[in-house]
Amino acid sequence: MAQEYKVKGLSSLDLKNGDKQEVEIEGVEGGKALILKIQDKIHATGANCTHYGAPLAKGVLTPEGRLTCPWHGACFNVSTGDVEDAPALDPLSKYEVFEKGGAVYIKADEDVIKANRRFLNLKCSASNDQKVLVIGGGSGTLGAVEGLRGGGYKGAITVLSKEGYRPIDRTKLSKALLADLSKAAWRQPDFYKDASIDIVQAEVSSVDFSAKKVFTKGGETYEYTKLVLATGGTPRWLPSEGLKGDLGNVFILRALPDAQNIVKAVGDNGKKIVVVGSSFIGMEVGNCLAGMKNDVTIVGMEEAPMERVMGKKVGEIFRGLLEKNGVKFKMGASVDKATPSTNDSSKVGAVLLKDGTALEADIVIEGVGVAPATEYLKDNSAVQLEKDGSILTNEAFEVKGLKDVFAIGDIATYPYHGPGGNGSPVRIEHWNVAQNAGRSVANTINNPGSKPKPFIPVFWSALGSQLRYCGNTVGGYDDVIISGDTKQPSFVAYYTKGEEVVAVSSMGKDPYMTQAAELMRRSKMPKKSELQKGVDILEIGIPSEIKI
Ligand SMILES: Cc1cc2nc3c(=O)[nH]c(=O)nc-3n(C[C@H](O)[C@H](O)[C@H](O)COP(=O)(O)OP(=O)(O)OC[C@H]3O[C@@H](n4cnc5c(N)ncnc54)[C@H](O)[C@@H]3O)c2cc1C
Ligand code: FES
């Protein structure tokens, strides 16, 4: 039963448009809310993001009522609490708020205040002959199926996933080596059951687009009226001896069993571990394992980790952070092969570099990139795969040349209209991009003819400190303007091409990344020369109009 609860220390709702304030709720242990004003209306919502709990008081509130989380880009509509952008799944709770007798009160259920969220309820019994079939059980799929039911879709929804379990938080596999399904899964099985979303364990082997049929390796056939391809990426093995999956204790990392196998091999720690690849996954898993008291060496080809995407200076910051945690680096290095252990010839014993260095290894983890998982379409004459094996789509993620077929996430190459994009085709391997694309497809299916809602790609990583990133460097960048203290680290890096800021990364500087993403959506990022003159993006008012 909803009750009135007094807001601690607030005597009036005297806020200006755009103000937001976190408050404590008296009589509810740990109870908090966010009070904010937009378009002359006061709202009270849950105080924390429903993704990982970031304090939304530190987020960015836009004039049209979007509240964007300071950590990973989730965005909520403050009027309804609904999720507008990934990666949050549950909406914010919303409370009635009012002044009474010189104090402020909210009216709400105690349980809802404590939960700090409105649990999404998608209860539905599928009722017509429309059938959405989704191939894949990852981030894109989450966005598509929850977006479909959340948007009122009443047809059947079937997910064919070879993963063998319901959607998990893949991003935690490398940051925490999360190996337990009950902790990694976003939803309980009943959630999907209640929502009439059938998750079937099956590997798709081919598709007949003209007959609208999908075939699985197990010999089953599934029909669809709309098909969503969301099969993600397949991690690459290095083609060298000992590193192509031909020796034990050499791992890749994409799914729960990979994390489980690594955890099992690491055992009670104290192992010598070589990580091949100094991009995000290699850096995160290396950092995680070093924190568990293993002797970790990361081998990378560039001079600094992630140099191509993040720039040398920023890459060196990451290296410094991991070194503080005990990680060793062999940069500018090329791997030759891995050799077996002298104790057990079925398992790895060392990694040999091309310069002749031998790195002893009980365990090797390869983080050397992924290929779009589209093998089931390779011989399909109805679809022309891109050179990298991905699928070309339009802005609505509709597959070029096919009817009622969408491709999203790591397999999709779509036209990018963010800064520096000008509609260039881009394939982005980010959790949010996949899920926002899934949400966009759901909206297109639910509202045929609607214009797809643009989003700015957001990425994050845990590299001894939290990295946030938005934008994209599809057209390259020619300079990086860094402001702040790189030693702390507490900095913002602006990636520029000519005068245009095409991407922004930050550490210890919330909500700069979020503010940048909102400004990018509105083509309002300042120019490089303005940043060089000291313009602070947090001081720029956010206009309502979306311009990408
Ligand atoms: C360890 C790790 C950490 C990451 N950390 C971050 C991060 O911090 N931030 C970030 O933004 N991004 C991160 N990413 C990237 C992010 O997870 C991906 O971009 C995102 O998962 C892509 O979503 P997707 O739906 O395209 O593919 P996925 O989430 O990979 O899902 C693809 C699904 O398709 C299934 N599948 C494949 N082939 C078939 C088939 N033939 N039949 C049936 N099912 C099939 C797979 O089993 C899987 O269930 C990380 C990735 C990894 C691997
Ligand atoms: S905590 Fe808000 S988006 Fe992750």
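An oxygen atom of ligand 1 sits 3.3 Å from a polar backbone atom of serine 139, a polar contact (a pair of N or O atoms within 3.5 Å). The model is predicted, with local features requiring pLDDT of at least 70 and side-chain atom pairs pLDDT 80 or more, while totals for chains, interfaces and linings use all residues. Residues are numbered from 1 along each chain, chains are lettered from A and ligands numbered from 1 in written order, and side-chain values use heavy atoms, without hydrogens or water.

Alone, ligand 1 exposes 1000 Å², and the protein buries 96% of that (Shrake-Rupley method, 1.4 Å probe).

The shell around ligand 1 holds 32 residues (a heavy atom within 4 Å). Gly140, Glu163, Lys175, Arg254 and Asp410 come nearest. Helix 3 gives the most, with three residues (helices are DSSP runs of H or I, at least four residues; strands are E, at least two). By class, the shell has twelve nonpolar, twelve polar and eight charged residues (Asp, Glu, Lys and Arg count as charged; Gly counts as polar).

A pocket is an open set of points on a 1 Å grid where a 1.4 Å probe fits, with protein on both sides within 12 Å along at least five of seven lines; lining residues have an atom within 4 Å of a point. The lining of this pocket numbers 30 residues, with Asp82, Val83, Glu84, Gly147 and Arg439 closest to the centre. Helix 10 gives the most to this lining, six residues.

Note on methods
Polar contact = N/O pair within 3.5 Å; in protein donor to acceptor, adjacent residues only side chain to side chain.
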